[in-house]
Amino acid sequence: MVTSSVPRLVVAAPSSGSGKTTVATGLMAAFAARGLAVSPHKAGPDYIDPGYHTLATGRVGRNLDAYLCGPELIAPLFLHGARGCDLAVVEGVMGLYDGAAGEGELASTAHVAKLLGAPVVLVVDASSQSRSVAALVHGFASWDPQVRVGGVILNKVGSDRHEELLREALDSAGVPVLGALRRARQVDTPSRHLGLVPVAERRADAVDSVEAMAALVSRGCDLAALEALARTAGAVPGGSAPWTPASPAHHPDRPAERRTPRVAVAGGPAFTFSYAEHTELLTAAGAEVVTFDPLRDEQLPEGTAGLVIGGGFPEVYAGELSANEPLRKAIAQLALGGAPVAAECAGLLYLCRELDGQPMCGVLDATARMAERLTLGYRDAVAVGDSALAAAGTRMRGHEFHRTVVEPGAGAVPAWGVRAPVRRVEGFVQQGVHASYLHTHWASEPGVARRFVERCRTS
């Protein structure tokens, strides 16, 4: 059971690279080690950090994105994830006040903190400063009176003397120091072109990294004071009830005798980008969801009626994906037979004829390759034509995050018309396939899951 007054903290920073992930993940693991049931959350669209949060807490890491889902869903989604928990930790995104480009505070960590009524713990990279840290913290704490910065954790502190100077400076800032962490290489996690390497690709090493984060935070932070700060959070503003994928307002009753279609969802190291709510929505819509690994499984799960292929790193595993010819042929046969297929980003690449010269599934008459430029940003999108996922005219918000190019960028019937950064169409709709670069959060438009499952029943 969850109440609207679950204790909670938001871990923020002045900028990216300050140590939010280390501190947030370490706090989650340290609190869990104390016997608390910890609910892990991540502000923004990031898929990778929640994997580390899951390791730290034993619970599914969930995203809180006010752009993709709308501000009105942040509190309900938070309460949904926090069911049965003693405490929640939300890791922020970018700098505390950095939101969607050109949209003010929308989707910033500060925005999420205000929507949750949660105190903020500011993680400051103190490696190249001493007294100036007080001006920095004062500025962030006073910028928006509705954001309550309840404490500071000093990261990358060089020595006892350095810590002493920092604490002396912050005495006048009015924000308590709740921790000071020394530089520690063992907590570093490897990165590549799209950020940290996901847990699924380095599970044993990731477990070690999370344990090191927990040890670092336990040694350097006042966990009792941090827990006490979390308990100062009152009821979540607005009197929100927890989100549910099977809400009567969203999900009409189904006759019990209707067929339960099997929906296969790609997983494994190559396809790690997925929001937990997608599977929950598919299940609530009446599907049986089965996960498969395109790197290992040579056939789709028996009886597959529909296929969901999310994001990930197929470019890293192009050779292995290509070598699994039996599965590529099975997916092509399913798609070309008219079965519903929803593919996002990595899934789009996998359905192409080839990726970096390696044969892929060949469902789409397009080729994909790595590119030098990173494509990144939120998008407003509208469905161009009817598909198994969305009716023409359906409006959704999405997020692009890739360093690849697909040529052509759109099929005869595109998936989406996109407004920003320039007006364009992108993606492919053909037979039952909906394939696009856009990552979307289905909780913002639950009808897409219901539509997809219904198409799986009737295709």
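1. Five elements each supply at least two residues of the lining of the largest cavity: β10 (262–266), α9 (276–284), β12 (304–309), β13 (341–344) and β21 (433–436). Helices (H or I, at least four residues) and strands (E, at least two) are DSSP runs, numbered from the N terminus. A cavity is a set of points on a 1 Å grid over the protein atoms alone where a 1.4 Å probe fits but cannot get out; lining residues have an atom within 4 Å of a point.

2. This is a predicted model: local features need pLDDT of at least 70, side-chain atom pairs count only at pLDDT 80 or more, and totals for chains, interfaces and linings use all residues. Numbering starts from 1 along each chain as its sequence is written, and side-chain values use heavy atoms, without hydrogens or water.

3. The largest cavity holds about 230 Å³ of space. Its lining has 24 residues, and H278, V308, I309, G310 and E344 are the closest to its centre. The volume is the space filled by probe spheres set on the points, with grid points joined across faces, edges and corners. The whole structure has three cavities of 30 Å³ or more.

4. Seven strands form an open, parallel sheet, ordered β3-β2-β4-β1-β5-β6-β7. β3 (62–64) and β7 (177–182) are the edges; each has a single partner strand, so one side of each lacks a neighbour in the sheet. Strands pair if DSSP finds at least two bridges between them.

5. β5 (residues 120–125) and β6 (residues 149–157) pair in the parallel sense over six bridges. V120 stands opposite V149 in β6.

How values were computed
1 Å grid on protein atoms, 1.4 Å probe; cavity = no way out; pocket = protein on both sides within 12 Å on 5 of 7 lines; lining within 4 Å.
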